[in-house]
Amino acid sequence: MKHRVVITGMGIWSCLGTTLDEVRDALYQGKCGVIFSQERKDAGFMSGLCTDVKHPDLKPFLDRSMRNYMPEEAQYAFMATKSALEHAGLDQDYIDAHEVGLIYGNDSVAEATMRGLDKFRTFKSSVACGSGTIFQSMNSTVTMNLACIFHLKGINLTASAACASGSQAIGLASLLIQDGLQECVICGGAQENNMWGVASFDGINAFSKRNDDPLHASRPFDRDRDGLVPGGGAATLILESYESAVRRGAHIIAEVVSWGFSGNGAHISTPNVEGPARSLELCLKNGGVDPRDIGYVNAHATSTRAGDGREAEAIARVFGDYRVPVTSTKGQTGHEMWMAGASEAIYSTLMMKNDFIAGNLNFENADEHTACVNVIPETIEAHFDEFLSNSFGFGGTNSTLIIKNFK
């Protein structure tokens with residue numbers, strides 16, 4: 001027996017806000033979270049662009065010893081998860097009495113690793129690293145911290161799949177619930193927002209250099225795009241079996257209908273059309289979904305020349321003559337990287353529940369590759385009950401989710 005997988009809670013910590021209401025309003029209003037950082041330029045970045053993400057204060061919630069184990073992205077993830085659990089009506093008594101799992105996307109802990117090793121080199125002593133460094137610097141830092149803080153006894157797994165990590169976490173969690181191996185899984189994605197985690201990206205000219213115009217720098221699908229803008233934060237979704245949600249009287253927000261995935265099997269950083277197209281096709285097939293039932297596509301499109309064009313061609317190939325509405329919320333948020341697959345599932349769900357599609361910020365002119373899709377440039381009122389969300393990453397890893405409204 002396959003179990004239906006539903007979403008009963010969401011929480012987010014992003015440049016658009018730290019509550020669902022703030023983020024919903026920011027999406028609708030076309031708010032942009034991109035800023036210029038003089039600190040990054042002074043440090044040697046070609047691009048001083050990044051996003052403005054509020055640093056959380058964990059002191060009211062966690063003692064000093066616990067905070068000592070948590071790097072920046074784990075702090076974001078804690079705040080997002082705390083909000084998601086409250087949204088889902090899951091208190092600690094329920095968690096203690098049930099086997100709740102955890103799958104979270106994360107693919108770097110650059111700052112914590114660097115600072116720990118800097119102390120080692122400076123003082124020529126491994127003890128100088130500090131007792132919390134090992135727990136801060138491991139790639140599984142988010143899941144190990146959240147699992148201990150919330151006393152989670154189910155699966156404890158980090159999905160490390162570049163910019164598809166957050167989406168893969170949701171997909172993996174949905175499979176476990178479908179197969180009856182878990183009844184409830186906390187899932188999501190986190191991304192450190194400091195300069196250290198993305199310095200090497202700047203070094204390969206991945207970022208926009210519109211330093212004098214940050215609000216117009218991230219331009220998914222636009223002819224004049226010149227690179228992405230790095231972002232960060234965390235996003236958490238609570239996934240449950242339909243039976244579990246009904247049994248505890250939970251408010252059901254939406255249903256995870258299907259997950260599709262693929263590998264490009266080609267260049268480590270340059271995308272192709274075939275890999276993303278297979279991910280979309282598999283997702284539609286796995287869910288038994290007719291492409292015309294999809295009312296909106298949240299594209300991965302990061303504002304890079306090759307990536308946006310290849311994805312547009314893949315979407316056009318799969319949807320044929322159906323001009324499905326397409327946007328990339330990265331015009332507003334920059335590229336939230338390991339977090340993006342999870343945050344964009346939340347952004348799209350907020351749109352679906354509130355009958356609008358947030359415009360693709362800074363889209364003015366298509367080019368010969370992106371003209372094949374129906375990009376929505378400004379926010380429109382629109383009712384849709386099912387959306388598809390793409391996330392693609394370095395190494396040619398692709399992930400696609402289909403989420404349906406629950407009424």
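Here are a few questions and answers about the surface and pockets of this predicted model.

Reader: Does Met 138 count as buried, partly exposed or exposed, and what is its class?
Author: Met 138 sits in the loop between α7 (133-137) and α8 (141-149). Its relative accessibility is 36%. Buried means under 20% and exposed means over 50%, so Met 138 counts as partly exposed.

Reader: Which element gives the most to the lining of the largest pocket?
Author: That pocket has a volume of about 520 Å³, and 29 residues line it. Ser 269, Pro 271, Thr 304, Gly 307 and Phe 394 lie nearest its centre. Both α13 (305-319) and β14 (386-393) supply at least two residues of the lining. With 5 residues, the element that gives the most is α13.

Reader: Where does the largest share of the lining of the second largest pocket come from?
Author: The second largest pocket has a volume of about 410 Å³. Among its 21 lining residues, Asn 68, Met 70, Pro 71, Arg 115 and Gln 136 are the closest to its centre. At least two lining residues come from each of α4 (72-88), α6 (110-123) and α7. The largest share, 5 residues, comes from α6.

Notes
Residues numbered from 1 in each chain as written. Predicted model: local features only at pLDDT ≥ 70, side-chain atom pairs only at ≥ 80, totals over all residues. Heavy atoms only, no water. Helix = DSSP H or I, 4+ residues; strand = E, 2+ residues; numbered from the N terminus. Buried < 20%, exposed > 50% of the residue type's maximum accessible area, 1.4 Å probe, protein only. 1 Å grid on protein atoms, 1.4 Å probe; cavity = no way out; pocket = protein on both sides within 12 Å on 5 of 7 lines; lining within 4 Å. Points joined across faces, edges and corners; volume = space filled by probe spheres on them.
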